[in-house]
Amino acid sequence: MKRVAIIAKVHDPRCQGIAGELIEWLSDQGVEPLVEAHLAHHLLYPKGIDSARFPELADLVVVLGGDGTLISAARLIGGRDIPILGVNLGSLGFMTEITVPELYPMLSDCLRGDFNVSERMMLDCTVERSGDEIARHQVLNDVVINKGALARIVDLDTRVNSNHLTTFKADGLIISTPTGSTGYSLSAGGPIIHPSLHCIAITPICPHTLTNRPIIVAEDSLISITVSSLDDEDVYLTLDGQVGVELKSGDLIHVSRAQHYSCLVMSNKRDFFEVLRTKLKWGER
């Protein structure tokens with residue numbers, strides 16, 4: 001590996017400190033650090049690079065922060081076959097499972113090519129309004145349709161491969177990947193899905209009908225949702241919790257498996273179940 005990109009929570013002093021040390025360490029190893037422009041500005045590093053160039057330049061991306069920072073990096077890479085090493089400086093971290101003390105030993109392994117990668121399924125999401133496509137995004141975690149604070153229950157006509165599933169009468173709906181199953185979907189009562197599986201979870205948020213339960217569908221499913229609500233109600237589409245689109249009555253949302261995967265570097269010292277036990281405090285009293 002000749003070039004390693006660094007993405008960090010810019011305004012977090014701890015991330016800035018580790019990023020500064022990482023730049024020096026990579027340079028000492030004969031590896032060119034690629035530092036995002038805003039981060040470079042805070043570090044007074046003279047060679048800041050537009051992060052949009054990372055997919056064409058980087059051999060590895062190191063993310064300093066929490067899962068939110070890693071999700072942003074995954075969308076930035078855009079499904080390119082570039083491994084992402086997430087270092088957990090956040091509060092929870094299901095994806096950024098590498099700890100700070102493990103950073104440099106893990107990086108040394110990566111530079112030698114001795115590391116394991118977990119291919120994480122992503123989703124494509126498009127929004128159609130009056131027959132025109134008004135938005136298209138790719139997500140690693142989830143697609144969420146949610147009502148505003150003062151809106152009534154939303155009617156969401158949901159189809160899977162053109163087959164009518166149901167019309168959810170609920171506060172909203174979550175379409176998640178296995179990676180995203182430990183996020184918002186879990187909080188809404190959805191299942192935990194092992195990240196090696198390829199499938200899609202559909203989880204209603206506070207459904208009016210108590211028999212509406214989360215359902216898992218095949219990875220090649222096309223999920224289509226039509227928003228049926230009054231024009232004066234606030235309904236929003238949120239992608240990975242970071243990008244928002246205001247919806248109107250009659251809008252059609254299509255969600256399907258993306259063609260590309262995100263490649264996350266995994267720790268060789270713990271497995272997914274240990275991460276679950278640690279993060280969710282299973283077995284503790």
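The structure here is a predicted model, where local features need pLDDT of at least 70, side-chain atom pairs count only at pLDDT 80 or more, and totals for chains, interfaces and linings use all residues. Residues are numbered from 1 along each chain as its sequence is written, and side-chain values use heavy atoms, with hydrogens and water left out.

**Confidence**

- The chain has an average pLDDT (the predictor's confidence in each residue, from 0 to 100) of 91, and 97% of the residues score at least 70.
- Helix α7 (residues 272–280) has the lowest confidence in the chain, with a mean of 85, while strand β13 (residues 215–218) has the highest, at 98.
- Helices (H or I, at least four residues) and strands (E, at least two) are DSSP runs, numbered from the N terminus.

- Strand β4 (residues 60–65) has 6 of its 6 residues buried, so the rest of the structure largely encloses it.
- Leu60, Val62 and Leu64 point one way from β4, Val61, Val63 and Gly65 point the other way, and all are buried.
- Strand β1 (residues 3–8) runs parallel to β4, joined to it by 5 bridges; strands count as paired if DSSP finds at least two bridges between them.
- Across that pairing, Val4 sits opposite Leu60 of β4.
- β4 also pairs with strand β5 (residues 83–88), again in the parallel sense and over 5 bridges, and there Val62 has Leu85 of β5 as its bridge partner.
- Together with helix α4 (residues 67–77), β4 and β5 make a right-handed β-α-β unit; right-handed means that, with the strands pointing away from the viewer, the path from the first strand over the helix to the second runs clockwise.

**Aromatic pairs**

- Rings of Phe, Tyr and Trp (its six-membered ring) pair if their centres lie within 6.5 Å; planes under 30 degrees apart count as stacked, over 60 as edge-to-face and the rest as tilted.
- The count by this rule is 2 aromatic pairs.
- Trp25 and Tyr104 have ring centres 5.2 Å apart and planes at 45°, so they make a tilted pair.
- Trp25 is in helix α1 (residues 13–28) and Tyr104 in helix α5 (residues 103–112), so this pair ties together parts that are 79 residues apart in sequence.
- Trp25 is buried, with a relative accessible area of 17%.
- Phe272 and Phe273 have ring centres 5.9 Å apart and planes at 65°, so that pair is edge-to-face.
- Phe272 counts as buried at 18% relative accessibility, whereas Phe273 is partly exposed at 47%.

**Helix α5**

- Leu103, Met106, Leu107, Asp109 and Cys110 are the buried residues of α5.
- Looking down the axis of α5, these buried residues fall within an arc of 160°, so they line one face of the helix; the arc is that of the directions from the helix axis to the C-beta atoms.
- Their cover includes α1, β4, β5 and β17 (252–266).
- Asp109 has a relative accessible area of 15%.
- Leaving aside neighbours within four places in sequence, Asp109 is in contact (heavy atoms within 4.5 Å) with Asp114, Phe115 and Asn268.
- Gly113 follows α5, and its phi is positive, near 85°.

Conventions
Buried < 20%, exposed > 50% of the residue type's maximum accessible area, 1.4 Å probe, protein only.
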